[in-house]
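Please keep the sequence and the structure in view while reading.

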Amino acid sequence: MALKRCDVEKLAYLARLGMDDTQIDNTTASLSDVLGMIDAMQAVNTDTIEPLANPLEANQRLRPDTVTESNHRDDYQTLAPAVENGLYLVPKVID
Amino acid sequence: MHQLTLANISKALAAKQFSARELTSHLLSRIEQLDPQLNSFITVSKESALQQATAADELRSSGINAPLLGLPIAHKDLFCTEGVRTSCASKTLDNFIAPYTATVVDKLNTAGFISLGKLNMDEFAMGSSGETSFYGPSKNPWDTQRIPGGSSSGSAVAVAARLIPVSTGSDSGGSIRQPAAFTGLTGIKPTYGRISRWGMTAYASSLDQAGFLAHNAEDCAMLLQATAGFDERDSTSSQQPVDDYAATLTQPLKGLRIGLPKEYFSSDLDSRIGDVVNNSIEQLKQLGATFVEISLPSLPHAVPAYYVIASAEASTNLARFDGVRFGHRCADPKNLEDLYLRSRDEAFGKEVKRRIMIGTYALSTGYYDAYYLKAQKIRRLIKNDFVSAFKDVDLILGPTTPNLPWLLGSKTNDPVAAYLEDIYTVPANLAGIPGLSMPAGMIDGLPVGVQLLAPYFQEARLLQVAHQFQQHTDWHARTPAGF
Amino acid sequence: MQWETVIGLEIHAQLATNTKIFSGSSTTFGAEPNTQASLIDLAMPGTLPVLNQEAVRMACMFGLAVDAHIAEHNIFARKNYFYPDLPKGYQTSQMDDPIVGVGHMDIALEDGSIKRVGITRAHLEEDAGKSLHEDFSGMTGIDLNRAGTPLLEIVSEPELSNAKEAVAYAKAIHTLVRYLNICDGNMAEGSFRCDCNVSIRPKGQSTLGTRTEIKNVNSFRFIERAINHEIQRQIELIEDGGKVTQETRLYDPSKDETRSMRSKEEANDYRYFPCPDLLPIHIPREMLEELRTHLPELPTHKRERFEKEFGLSTYDASVLSASREMANYFEEVEKICQDAKLATNWVMGELSSLLNKENLDITQPPVSAKQLGGMLLRIKDNTISGKIAKMVFEAMAAGEGDADQVIEQRGLKQVTDSGAIEAMLDDVLAANAEQVEQYRASDENKRGKMFGFFVGQAMRASKGKANPQQVNDLLKKKLEQ
């Protein structure tokens with residue numbers, strides 16, 4: 001399955017990867033190769049097969065509605081690139 | 001001291017043949033001396049390791065003689081370790097000091113283990129060679145021109161070079177078993193859900209499992225015993241009771257039926273590796289096992305299915321790395337778009353970006369059915385193959401890898417070729433069954449591993465067979481020259 | 001050209017759990033920023049979600065209350081997009097297999113008729129954090145306290161035909177979730193948010209027109225205005241030769257108009273797929289049966305019962321059953337005074353006005369149901385007149401005690417002794433002899449107004465305490481003489 005450059009640009013944007021032209025070109029080629037390998041899957045007939053999402057096929061455990069977390073804001077925010085008055089800062093978002 | 005297995009170190013410490021501090025100190029100086037040529041460590045925790053060692057010795061002299069007290073270990077750098085950098089070998093987290101500790105590490109700490117540091121790996125566990133690391137590749141101590149395998153590259157190298165006796169690793173498509181095979185180690189990937197994933201940076205959530213690299217099955221058993229079990233913080237953690245792995249190690253193999261998938265022995269397999277596998281079959285026959293040919297017909301589709309599922313899950317698992325709350329942020333972002341686009345472009349390496357894009361593609365509208373859904377159906381077929389085979393046999397045996405470890409740089413421009421090397425290991429992750437690789441021969445001075453696969457939650461059986469094999473062979477005891 | 005409108009509502013109700021849907025963080029409103037954001041809420045590497053059982057229970061209660069199909073298994077899916085208030089870069093939501101399936105909600109329209117509105121589905125998902133745009137000189141501040149709060153997204157069929165129906169539906173859902181105690185319905189705090197999907201089409205056409213989505217309207221009044229504005233906008237657009245673009249819009253109450261949102265998610269492909277960190281949720285049938293026994297009397301049933309048992313109009317019954325607290329209040333009052341009409345008039349009249357004026361709600365009434373019921377008994381047994389009762393009511397609200405106490409203290413007992421009344425009337429007529437003559441000399445028409453004058457004088461003379469009916473009867477008799 002050969003990808004076109006514009007497809008790769010769209011994918012890069014969806015994934016928020018700001019790749020330059022060289023990267024886009026290189027990626028278009030290698031992605032097309034990988035997709036070629038992946039297309040081998042189509043040879044198998046899976047019409048009657050149920051997908052397997054989780055190997056153990058168990059059900060979700062439920063947890064009681066009790067508060068178990070406490071405030072560690074100061075510790076966690078030492079990891080943040082930009083913080084003010086307890087808020088994480090990002091460039092202004094306009095709706 | 002550095003030649004001792006974990007089990008023997010435990011006995012030696014108990015018998016006061018040397019102290020934890022002496023051992024730790026010795027290993028730290030070996031790391032300092034030898035790791036520059038190997039690049040297996042990202043972070044060495046010298047101060048804290050010595051402190052922990054001293055504390056362990058004090059506990060021991062006050063009469064507490066826990067079997068795992070004072071044992072040295074190091075952790076793959078995707079396990080969160082509170083207060084210590086946890087980088088996942090990525091620029092994204094180069095500055096990330098983990099605010100909490102992964103369950104598997106916590107259990108080992110509580111048992112008395114001393115962590116000497118964090119080990120190199122492929123970036124975000126994406127790779128089979130160690131070459132995608134932001135900190136540069138680790139080198140195979142058996143031939144430093146060659147890859148040690150990945151993604152648990154540093155975990156394998158540090159143990160193989162006897163810088164530490166054991167390490168933690170993770171395996172989503174073979175990332176413990178393949179480097180174990182390439183470096184002459186015993187590596188175990190338990191059943192999916194056997195060990196908690198809490199604190200283990202997610203790559204492919206439905207495939208990831210924590211595991212170990214050691215010199216032998218006995219050491220793997222000790223580590224598995226200390227870490228297996230239900231964790232309420234991980235919804236995918238299993239409540240299956242934990243076996244006594246040591247108890248069954250010494251059971252004889254008489255009556256054991258082992259399956260040999262005919263699909264394994266194709267022209268893609270290096271015939272010399274085929275010979276090593278055959279030798280190991282002979283050895284196991286002598287120990288009482290019988291062999292039967294079986295079929296895993298969906299095997300040819302395992303690699304594509306794996307790469308679709310793993311990439312799809314990884315593409316969303318890595319979306320949290322956006323430079324907002326932690327991790328790398330680009331300088332002077334002009335607006336929100338710029339923040340995301342530039343931070344992520346700067347932070348991720350080539351292979352990571354490639355897999356994120358594959359994953360994004362596989363999930364996108366119009367392609368979901370043909371790719372992601374299709375891969376999940378093939379996954380069902382692969383599980384069915386194993387369930388069916390295990391009706392007939394107790395274990396499955398085969399090569400761990402189709403080829404020997406390749407030269408550094410030789411496959412970096414051919415991702416597909418690299419992906420196809422995972423043919424024997426990915427099926428176990430897709431199905432969730434446990435797998436182990438043990439050293440079974442040498443070719444041109446390079447180790448060769450043989451893989452065992454077992455039904456769900458039968459790690460004990462894997463360890464038993466490997467242990468018995470290791471009582472009668474010495475491949476696992478060899479050391480690369482100079483280490 | 002005749003147009004008809006098609007409206008569908010997506011309501012996000014914040015579930016009133018103690019903790020978030022996937023983490024044990026508190027959900028208390030109003031905490032300092034990011035003090036209720038745990039490792040999981042911050043999407044730290046290696047963190048994993050575990051599902052809150054109360055969120056599941058609450059969703060099932062809702063499903064049972066709207067007669068919906070609740071499947072054996074439901075699945076969480078990842079909805080992928082980038083936004084700073086979404087820490088993981090995906091929202092854990094439900095796509096193909098929601099917890100609640102097809103159901104319905106009956107709503108009472110203004111004309112008293114009942115319309116059945118289909119509910120397509122309701123699913124669980126996590127809320128995002130909040131963005132604060134002021135005070136940060138070119139930056140936006142992100143607070144993740146809200147990130148991870150459980151939401152139940154309730155999707156209606158596009159079966160609402162106008163803004164009033166849409167409001168009636170929204171109010172019905174609002175009442176229901178509060179009845180079930182699964183959501184506090186506080187729209188100002190954002191616990192109950194409505195997205196309105198609006199499209200128009202030529203009358204009689206069966207295919208739907210292009211719809212726009214008006215997001216996050218947080219009051220019933222704004223819902224009505226926003227929808228009406230949008231309908232108008234679309235009609236004008238098409239009649240001018242334009243085409244409606246499928247887009248997301250925001251309602252601006254200060255300008256009373258909707259405007260297009262800068263395409264935040266327009267070009268987004270959400271790439272939904274089952275979340276691999278969570279397993280399928282199993283809903284055993286026994287659990288549903290057990291939950292069903294805990295369902296309170298639902299608003300619709302209560303309304304119907306009020307109509308039947310108390311002979312109330314649909315409108316009155318709707319108002320009185322708008323909340324469990326209001327319904328309980330009314331029923332207690334009725335039980336004491338045994339007069340549904342009287343109780344209705346006073347609860348919907350004086351009491352509601354008082355609550356409005358004092359900015360209180362029915363959970364903090366200045367006059368308790370017991371007090372009001374007691375007072376109404378005194379009207380019924382003629383101790384006080386309706387007019388005097390208003391004074392008694394105000395006195396009770398001011399804290400002067402129960403009806404009997406107020407009546408006693410202020411000497412408000414109605415005078416019903418005919419002898420006393422007659423004597424008083426004789427005095428009144430004597431004092432107003434001229435008017436009496438004029439009255440007797442006038443014809444039927446003029447007499448009506450003049451009669452009122454005498455009644456007024458009589459009430460003044462008796463300080464309002466004379467029984468009005470007796471005053472009327474006796475006055476008439478005396479004037480006829």
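Between chain C and chain A there are 21 residue pairs in polar contact, both residues being at pLDDT 80 or more; a polar contact is a pair of N or O atoms within 3.5 Å, where within protein one must be able to donate a hydrogen and the other to accept it, and residues adjacent in sequence count only if both atoms are side-chain atoms. Salt bridges (a side-chain nitrogen of Lys or Arg within 4 Å of a carboxyl oxygen of Asp or Glu) number zero between chain C and chain A. The model is predicted: local features need pLDDT of at least 70 and side-chain atom pairs count only at pLDDT 80 or more, whereas totals for chains, interfaces and linings use all residues. Residues are numbered from 1 along each chain as its sequence is written, chains are lettered from A and ligands numbered from 1 in the order in which they are written, and side-chain values use heavy atoms, with hydrogens and water left out.

In this interface, 53 residues of chain C are in contact with 33 residues of chain A, contact meaning heavy atoms within 4.5 Å. About 3900 Å² is buried between the two chains, and carbon and sulfur atoms give 58% of it; buried area is the accessible area (1.4 Å probe) that two parts lose on being put together, summed over both. Of the area that chain C buries against chain A, 14% is supplied by C:Phe82, C:Phe136 and C:Leu279, more than by any other three residues.

Strand pairing also links chain A with chain C. Strands here are DSSP runs (E, at least two residues), as helices are (H or I, at least four), and both are numbered from the N terminus; two strands pair if DSSP finds at least two bridges between them. Strand S1 (residues 62-63) of chain A pairs with S2(C) in the parallel sense over two bridges, and A:Arg63 stands opposite C:Asn52 in S2(C). An open sheet of four strands has the order S2(A)-S3(A)-S9(C)-S8(C), with antiparallel pairing. Strand S2 (83-84) of chain A and strand S8 (130-132) of chain C stand at the edges, each with a single partner strand, so one side of each lacks a neighbour in the sheet. Three bridges join S8(C) and S9(C) in the antiparallel sense, and C:Ser131 stands opposite C:Ile142 in S9(C).

What does chain A share with chain B? Here 50 residues of chain A are in contact with 64 residues of chain B, and the buried area is about 5000 Å², of which carbon and sulfur atoms give 69%. A:Met41, A:Leu52 and A:Leu79 supply 14% of the area that chain A buries against chain B, more than any other three residues. Three salt bridges are found across this interface; A:Glu57 forms a salt bridge with B:Arg380, with the closest N and O atoms 3.1 Å apart. The interface of chain A and chain B also has 21 residue pairs in polar contact, both at pLDDT 80 or more. The largest share of the side of chain A that touches chain B comes from H2(A), with nine residues.

Within chain C, the domain assignment, which is automatic or taken from a database, gives domain 1 (3-289), domain 2 (297-410) and domain 3 (418-480). The centres of domain 1 and domain 2 of chain C, taken over C-alpha atoms, are separated by 36 Å. These two domains bury about 930 Å² between them, 60% of it on carbon and sulfur atoms.
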